Amino acid sequence: MVSANREMVVFCFDTLVAHYNNEQAPPPAFDEGQHPLFVTWKKALNGGEPRLRGCIGTLEARCLINGFRDYALTSALRDRRFPPIQAKELPYLECTVSILTNYENALNYLDWEVGKHGIIIEFTDPDYNTRRSATYLPEVAAHEGWTTMETIDSLMRKAGYNGPITESLRKRISLTRYQSTIYTMHYSDYSAFVKKTRGGAPAIVGAKPNNH
């Protein structure tokens, strides 16, 4: 059982720094394996609460090395909800990697625990007769302070459903719950780690050095 670890976050930061510098990222220092995974970027300004800057991943098992390489960039640069992260934002970034485990089919839409489970919902949009689906990682509902019901309703909106949310529609949801291991690291910790293990802090072409 593989758990999310520091080396995976370091590799995500390495991948993003290498992208800005137009070079290859150093090889990762974790073992290959196949798991569903997510990469989340947040940005903290002036000591405030870190705000989401991008979060994309896969619910299917992927090779970890290729998966983290792809999703580190996709979530930073191609999350449609946000403009692409720029090199100058790096010093303010925090990266979280998630490895998803323990997929289970829930008995109904309330058969899961806030803070413990991530959830995937699937349902048919009655207005368009199309299948819709969306997921929230385990930490989302707890962070937002939502109940199970509020989480479900928010997730239906995230899936693109704009009609009225009724109890009968909620009851038609097919829900998969899962758990995850996560590891979070701020850019300053990444920079210190690189300095210690490689003899120099990461440098980004075109970004001002961070002097404070």
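Student: Which residue in strand 5 is the bridge partner of Asp125?
Tutor: In this predicted model, where local features need pLDDT of at least 70, side-chain atom pairs count only at pLDDT 80 or more and totals for chains, interfaces and linings use all residues, the partner of Asp125 in strand 5 is Thr130. Residues are numbered from 1 along each chain as its sequence is written, and side-chain values use heavy atoms, leaving out hydrogens and water.

Student: And how many bridges link strand 4 and strand 5?
Tutor: Strand 4 (residues 118–125) pairs with strand 5 in the antiparallel sense over 7 bridges, where pairing takes at least two DSSP bridges and strands are DSSP runs of E, at least two residues, as helices are of H or I, at least four, numbered from the N terminus.

Student: What packs there?
Tutor: Helix 4 (residues 148–158) touches strand 4, strand 5 and strand 6, contact being heavy atoms within 4.5 Å. Helix 4 makes about 125 degrees with the direction of strand 5 (N-to-C directions, 0 to 180 degrees, from lines fitted to C-alpha atoms, for helices over the stretch in contact).

Student: In what order do the strands sit in the sheet?
Tutor: The 6 strands form an open, antiparallel sheet in the order 2-1-3-6-4-5, with strand 2 (51–63) and strand 5 (130–136) at the edges, each pairing on one side only. The twist from one strand to the next averages 25 degrees.

Student: Switching to helix 1, is it mostly covered or uncovered?
Tutor: Mostly covered, as 13 of its 16 residues are buried (under 20% relative accessible area, 1.4 Å probe, protein chains only). Helix 1 lies across strand 1 (34–43), strand 3 (93–105) and strand 6 (174–186).

Methods:
Buried < 20%, exposed > 50% of the residue type's maximum accessible area, 1.4 Å probe, protein only.
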